[in-house]
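These are my notebook entries on one structure. I set out what I looked up, entry by entry.

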Amino acid sequence: MFFCLSYCLSLVSLKKRKIMDKRNMFDYARIILENVSFDPELFYKELKKAITHLLPYDVEKLFKWVVGYVEHKPELQESLSLIEE
């Protein structure tokens, strides 16, 4: 019985950890996008990848961040087409 309880608790902990890792993925994606913003094609590619890997809530946050980030960077404005899709 103790083994079963311990095993169940570890599964719950693992699920929570996976969710937390997904939440931290937003910060990771943002940092990556900032670092590749020198190349519009790479920025577009990394943004597309981030959209597929993030939780829906984080995708919304990322969209808001991208809109503000590319506002004064005309070379990155093309990446906004991913948001409009």
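**Entry 1**

I call a residue exposed over 50% relative accessible area, buried under 20% and partly exposed in between, with a 1.4 Å probe and protein chains only. The buried residues of α3 are Asp-58, Val-59, Leu-62, Trp-65, Val-66 and Tyr-69. They lie on the same side of α3, because they cover an arc of only 125° around the axis. I took the arc from the directions from the helix axis to the C-beta atoms.

I then checked the length of α3. Its 14 residues should span 20 Å at 1.5 Å a residue, and its end C-alpha atoms are 20 Å apart, which agrees. The expected span is 1.5 Å times one less than the number of residues.

**Entry 2: basis of the values**

I note that this is a predicted model, in which local features need pLDDT of at least 70 and side-chain atom pairs count only at pLDDT 80 or more, while totals for chains, interfaces and linings use all residues. Residues are numbered from 1 along each chain as its sequence is written, and side-chain values use heavy atoms, with hydrogens and water left out.

**Entry 3: the chain**

I recorded four helices and zero strands in the chain, in the order α-α-α-α from the N terminus. Helices (H or I, at least four residues) and strands (E, at least two) are DSSP runs, numbered from the N terminus. Of the 85 residues in the chain, 26% are buried. I also looked up contacts, meaning heavy atoms within 4.5 Å. Among those between residues at least 6 apart in sequence, 57% join residues at least 24 apart. The accessible surface of the chain is about 6400 Å², and 62% of this belongs to carbon and sulfur atoms. The areas come from the Shrake-Rupley method with a 1.4 Å probe; for residues, only the protein chains shown count as cover.

**Entry 4: salt bridges**

How many salt bridges does a search of the whole structure find? It finds four, where a salt bridge is a side-chain nitrogen of Lys or Arg within 4 Å of a carboxyl oxygen of Asp or Glu.

In α1 (residues 2-35), I found Asp-27 and Arg-30 three residues apart, about one turn of the helix. Their salt bridge has its closest N and O atoms 3.9 Å apart. Arg-30 also meets Glu-34 in a salt bridge (3.4 Å, N to O), and these two lie four residues apart in α1. Asp-27 counts as partly exposed because its relative accessibility is 34%. Arg-30 is partly exposed at 22%, and Glu-34 is partly exposed at 32%.

In α3, Lys-61 and Asp-58 are three residues apart, about one turn of the helix. They form a salt bridge, with the closest N and O atoms 3.9 Å apart. Asp-58 is buried, because its relative accessibility is 0%, whereas Lys-61 is partly exposed at 32%.

**Entry 5: Ser-79**

Leaving aside neighbours within four places in sequence, I listed Phe-43, Tyr-44, Leu-47 and Val-70 as the residues in contact with Ser-79.
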